[in-house]
Amino acid sequence: MFLVAHRGFRGPGRENRMIDFIDALKSCKGVEFDIRLTKDKKIIIFHDHNLKRIGNVNKTVKSLTFEEIKNIDFFKNNPENIPPLFIEDFINKISNKYEFINVEIKPNKNTKEEFELIKNALELLRKKTRAEIVVSSFGNEALKFISKLDANKFKKGYLTEYVKKVDFSLIKKFDYLHPYVGNLKSHDSLKYVEKINLPLNVWTFKNDKDVEIINLKYGKYLNSLISDKKDLRINFK
């Protein structure tokens, strides 16, 4: 069981930035982040569908080019918050520093061409790092795409907020279940986890108490703890 930096250890005003990914390496060798495409097909590391929360502009990421995003006032005034480019920034500059990389594909009605661009980027990531690479998503089309990736190169993570709602036929093609910590605390979740019978990469931990609860209930299934908290307790020996 090991620690994974959720969006580079998300906190107020900081997430999914290169400085976060660099800083996270001081605490652990595992990282999780989100990717999505801009209008001009650049793959950026950014969680939200639009730029309202981070960017102060109510426009979708997919409606703007990367240059247009960089020229939003918020990013011009806070250049460290400009969304990193998946290839040029993360893959080329820092991917080889990590031992575990969880790439979450955000559901965004991606076309066949866009999935091909994502696949090519993942192949480049595979060449650049020796890390275990886990590709995950909530979206049904993205999950189908992930299920067809080369099993010799990538591990496949099935993201879900509710374990009882997984597609039990599709999840057979996956290596990990990525469940929400809040749902795992519900009384009936254990029977579904036992039925699925996959190692767990659980998101998102914010306190040690939840770790104690989840470890007690699901200890034998736990692979990693995806956390906002850098000093999360992970040793229960």
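Where is Phe-9 placed? Phe-9 sits in the loop between strand E1 (2-6) and helix H1 (18-24). The model is predicted: local features need pLDDT of at least 70, side-chain atom pairs count only at pLDDT 80 or more, and totals for chains, interfaces and linings use all residues. Residues are numbered from 1 along each chain as its sequence is written, and side-chain values use heavy atoms, with hydrogens and water left out.

View A. Most residues other than glycine have a negative phi. Lys-109 belongs to the loop between strand E4 (100-105) and H5. Helices (H or I, at least four residues) and strands (E, at least two) are DSSP runs, numbered from the N terminus. Is Phe-9 buried or exposed? Phe-9 has a relative accessible area of 0%, so it is buried. Lys-109 has a relative accessible area of 82%, so it is exposed. The cut-offs are under 20% for buried, over 50% for exposed and in between for partly exposed (1.4 Å probe, protein chains only).

**View B. A cis peptide bond between Trp-203 and Thr-204.** Omega of this bond is about -25 degrees. Most peptide bonds are trans. Thr-204 is part of strand E8 (residues 200-205).

View C. Neighbours within four places in sequence are left aside for the contacts of Phe-90. Phe-90 then contacts Met-18, Phe-21, Val-31, Phe-33 and Ile-45 among others. The list also includes Leu-85, Ser-95, Tyr-98, Ile-101 and Leu-125. Contact means heavy atoms within 4.5 Å. In soluble globular proteins, nonpolar side chains tend to be buried together.

**View D. Helix H4 packed on H5.** Helix H4 spans residues 86-93. The axes of H4 and H5 are 9 Å apart, at an angle of about 20 degrees. Axes are lines fitted to C-alpha atoms, for helices over the stretch in contact, and angles run from 0 to 180 degrees between N-to-C directions. H4 and H5 are therefore roughly parallel. Angles under 35 degrees count as roughly parallel, over 145 as roughly antiparallel, 65 to 115 as roughly perpendicular and the rest as oblique. The crossing of H4 and H5 is right-handed. Right-handed means the near helix is turned clockwise from the far one by less than a right angle; anticlockwise is left-handed. On the H4 side, the contact uses Phe-86, Ile-87, Phe-90, Ile-91 and Asn-92. On the H5 side, it uses Ala-121, Leu-122, Leu-124, Leu-125 and Lys-128. These residues divide into 8 nonpolar, 1 polar and 1 charged. Ala, Val, Leu, Ile, Met, Phe, Trp, Tyr, Cys and Pro count as nonpolar, Asp, Glu, Lys and Arg as charged, and the others, Gly among them, as polar.

**View E. H5 against helix H6 (residues 140-147).** What angle do H5 and H6 make? They pack at about 45 degrees, with axes 12 Å apart. H5 is therefore oblique to H6. Their crossing is right-handed. Phe-115, Ile-118, Lys-119 and Leu-122 of H5 meet Glu-141, Ala-142 and Phe-145 of H6. The contact has 5 nonpolar residues, no polar ones and 2 charged.

**View F. Ala-131 in the loop between H5 and strand E5 (132-137).** Ala-131 is buried, with a relative accessible area of 2%. Beyond its neighbours within four places in sequence, Ala-131 contacts Tyr-98, Glu-99, Phe-100, Ile-101 and Arg-126. Asn-102 is 29 residues away from Ala-131 in sequence. The C-alpha atoms of the two are 9.9 Å apart.

**View G. Ile-69 and Glu-68 in helix H2 (residues 66-70).** Ile-69 is buried at a relative accessible area of 0%. Glu-68 is partly exposed at 38%. Leaving aside neighbours within four places in sequence, Ile-69 contacts Thr-38, Ile-44, Leu-51, Val-61, Leu-64, Phe-75 and Pro-83. Glu-68 and Thr-38 are 30 residues apart in sequence and 9.7 Å apart, C-alpha to C-alpha. Ile-69 and Glu-116 are 47 residues apart in sequence and 23 Å apart, C-alpha to C-alpha.
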